[in-house]
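User: I'd like to learn how to read helix packing and loop residues in a model. Can you take me through one?

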Amino acid sequence: VATRVLRFFSSFTVQSNVMLAAVLSWAGYALLRHREEPPAFVKGGVTLYMVMTAVVYAVVLVPPVNPPAVLFGLPASRLAHVLLPTLAMIDFLLFDRHRRFPWKNALLWLSYPLIYCTFIVIRGAIAPQLGYPYAFREVPTIGDGRLAKHVAMYTVALGVRGLLVVEVDGRQPRRVLSRRSQPDDAA
């Protein structure tokens with residue numbers, strides 16, 4: 001059971017979806033209780049990770065023809081990889097205050113995926129029985145050179161998308177469908 005749980009929570013998709021649930025729960029609580037909302041840096045990073053989840057699913061991973069699990073009438077894989085990332089983007093575009101991100105956020109947001117990759121590679125070396133959550137991270141199969149190439153490609157792709165998030169945020173009106181008026185905060 002512990003092995004299954006560790007495997008499940010070792011997925012970037014699961015981790016990014018859990019982060020989204022936590023951030024949206026925090027935002028909902030803040031709205032209801034008139035408390036401080038999640039910091040812009042956190043909200044922007046989670047949005048970026050959800051976008052990356054959707055992009056990797058669409059471009060790299062092969063969506064299953066017959067998905068094993070269905071939630072709310074949708075295949076669980078599409079819920080986690082398509083619907084929730086779409087909702088994260090809608091939330092970001094329509095409900096967040098904008099013009100809050102400095103350009104350095106695009107670089108800082110890279111830290112979590114790089115830490116995640118390091119964790120997965122070390123975990124695979126220490127506990128090979130747990131396997132790797134993604135074939136493009138399986139060091140024994142692809143080798144160190146291809147892993148380094150993949151990490152570089154994903155880092156660049158994520159960095160570019162991070163810059164896009166900052167740019168899109170900067171071009172939006174300060175408030176779109178803002179939940180309540182608050183002073184602008186620095187990221």
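User: Are α6 and α7 roughly parallel or roughly antiparallel to each other?

Analyst: First, the ground rules. This is a predicted model, where local features need pLDDT of at least 70, side-chain atom pairs count only at pLDDT 80 or more, and totals for chains, interfaces and linings use all residues. Residues are numbered from 1 along each chain as its sequence is written, and side-chain values use heavy atoms, with hydrogens and water left out.
Now the general idea. Two packed helices are described by the angle between their axes and the distance between the axes. Axes are lines fitted to C-alpha atoms, for helices over the stretch in contact, and angles run from 0 to 180 degrees between N-to-C directions. Angles under 35 degrees count as roughly parallel, over 145 as roughly antiparallel, 65 to 115 as roughly perpendicular and the rest as oblique.
Here, helix α6 (residues 111–126) packs on α7 at an angle of about 170°, and the axes are 11 Å apart. The two helices, α6 and α7, are therefore roughly antiparallel.

User: Which residues of α6 and α7 meet?

Analyst: Contact means heavy atoms within 4.5 Å. From α6 come Pro113, Leu114, Cys117 and Val121; from α7 come Val139, Leu147, Val151, Thr155 and Leu158. By class, that contact of α6 with α7 has 8 nonpolar, 1 polar and no charged residues. On the classes: Ala, Val, Leu, Ile, Met, Phe, Trp, Tyr, Cys and Pro count as nonpolar, Asp, Glu, Lys and Arg as charged, and the others, Gly among them, as polar.

User: How many helices and strands does the protein have?

Analyst: Helices (H or I, at least four residues) and strands (E, at least two) are DSSP runs, numbered from the N terminus. The protein has 7 helices and 2 strands. Along the sequence the pattern reads α-α-α-β-β-α-α-α-α.

User: At what angle do α3 and α7 cross?

Analyst: Helix α3 (residues 40–59) and helix α7 (residues 139–171) cross at roughly 130°, and their axes come within 10 Å. That makes α3 and α7 oblique to each other. Handedness comes next. A crossing is left-handed if the near helix is turned anticlockwise from the far one by less than a right angle, and right-handed if clockwise. The crossing of α3 past α7 is right-handed.
In α3, the residues are Leu48, Val51, Met52, Val55 and Val56; they meet Tyr154, Ala157, Leu158, Arg161, Gly162 and Val165 in α7. This contact of α3 with α7 counts 9 nonpolar, 1 polar and 1 charged residues.

User: How are α2 and α6 set to each other?

Analyst: Their axes come within 12 Å, with a crossing angle of roughly 140°. So α2 and α6 are oblique to each other. Here α2 passes α6 in a right-handed crossing. Phe12, Gln15 and Met19 in α2 meet Tyr112, Pro113 and Tyr116 in α6.

User: Where is Ser11 found?

Analyst: In the loop between α1 (2–9) and α2 (12–33). Ser11 has a relative accessible area of 13%, so Ser11 is buried. Leaving out residues up to four places away in sequence, Ser11 touches Tyr116, Pro133 and Tyr134.

User: What is the phi of His34?

Analyst: Positive, about 55°, although His34 is not a glycine. His34 is in the loop between α2 and α3. With a relative accessible area of 59%, His34 is exposed.
Arg99 also is not a glycine and has a positive phi, of about 65°. Arg99 lies in the loop between α4 (76–95) and α5 (104–108). At 45% relative accessible area, Arg99 is partly exposed.

User: What share of the residues of the protein counts as buried?

Analyst: Of the 187 residues, 40%. For contacts between residues at least 6 apart in sequence, 71% join residues at least 24 apart.

Terms used:
Buried means under 20% relative accessible area, exposed over 50%, partly exposed in between (1.4 Å probe, protein chains only).
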